[in-house]
Amino acid sequence: MRTVPRVRFANDDRHRLACCSLDGSISLCQLVPAPPTVLRVLRGHTRGVSDFAWSLSNDILVSTSLDATMRIWASDDGRCIREIPDPDGAELLCCTFQPVNNNLTVVGNAKQNLHVVNISTGKKVKGGSSKLTGRVLALSFDAPGRLLWAGDDRGSVFSFLFDMATGKLTKAKRLVVHEGSPVTSISARSWVSREARDPSLLINACLNKLLLYRVVDNEGTLQLKRSFPIEQSSHPVRSIFCPLMSFRQGACVVTGSEDMCVHFFDVERAAKAAVNKLQGHSAPVLDVSFNCDESLLASSDASGMVIVWRREQK
């Protein structure tokens, strides 16, 4: 599965957007005032950037790359603060910040391993490593940071208990979504809407479906709740929850798709769950990201194009 462009709005920032590229760079963009401008380009990786994440305060980005390194960047001036080689010397495929302690980052690699890394020291945390059944492609914490889910290219999703004091990982549960189908995206949400209070997980797994799971216990056990038709058989498509939109009008999720469209679904509708479809890309849509007030949605595709969509004001 090839590395493809990712797109992420900064946290609590309506107009700052980051996009990564197959050439190993990350572009930081400012969307307002018009016209949109590239503030700076973060260069240093020697191969494609596979994933990146903003810290809660937006002052730091972490990135993972096929060059087997993680880099820590200062977003204000683009400096590379630290380069951290993968402990296994393997291609790094995904990363996520620990939501409560942003000094800790979890990375997944092509040798089927997860590692918790202290970004201040550049060292992996003792007891913070675990092995999956395949290449690690997707990661997501729950909001409190006590549960971590990891998906691999063999079709499995593992839940881990995360020790907040030490950073130690304890493997809890395994779910086989579909044997041999790569899990390309995991997104966790503690609630979906006012009517759907259960913690939930949104998963893309190359099944031509978007899957919604209910989290049924404190060990991260998953139970399938619903699925929605999309086109995804081979590309690493991602999806997200829409918590603000859901609070106002139903329970919405957004996903990319290989049909070159962005799809919106209301997960609480028994029938006609598809509520919107955005057309404009000329290649499979791979990633989607809302800004903090959901007034803007960014989507990226396999050709490297990024489109920013503005919500119509009613």
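Which residues of β2 lie on one side and which on the other, and are they buried or exposed? R16, A18 and C20 sit on one side of β2 and L17 and C19 on the other, and all are buried, leaving both faces covered. Please keep in mind that this is a predicted model.

**Strand β2**
- Strand β2 spans residues 16-20 and is mostly covered, with five of its five residues buried.

**Pairing with β1**
- β2 pairs with strand β1 (residues 7-9) in the antiparallel sense, over three bridges.
- Within this pairing, V7 has C19 of β2 as its bridge partner, and C19 is one of the buried residues of β2.
- The two strands β1 and β2 make a hairpin with six residues between them.
- In the turn of that hairpin, D12 has a positive phi of about 55°.

**Pairing with β3**
- β2 is also joined to strand β3 (residues 26-30) by five bridges, and these two strands run antiparallel.
- R16 stands opposite Q30 of β3, and R16 is itself buried.
- Five residues lie between the strands in the β2 and β3 hairpin, where G24 takes a positive phi near 95°.

**A closer look at S63**
- S63 belongs to strand β6, which covers residues 60-65.
- S63 is buried, because its relative accessible area of 0% is under the 20% cut-off.
- The S63 side chain makes a polar contact with the side chain of W73, at 2.8 Å.
- Beyond its neighbours within four places in sequence, S63 is in contact with residues including I26, H45, D51, F52 and R71.

How values were computed. Residues numbered from 1 in each chain as written. Predicted model: local features only at pLDDT ≥ 70, side-chain atom pairs only at ≥ 80, totals over all residues. Heavy atoms only, no water. Helix = DSSP H or I, 4+ residues; strand = E, 2+ residues; numbered from the N terminus. Buried < 20%, exposed > 50% of the residue type's maximum accessible area, 1.4 Å probe, protein only. Polar contact = N/O pair within 3.5 Å; in protein donor to acceptor, adjacent residues only side chain to side chain. Contact = heavy atoms within 4.5 Å. Pairing = 2+ DSSP bridges.
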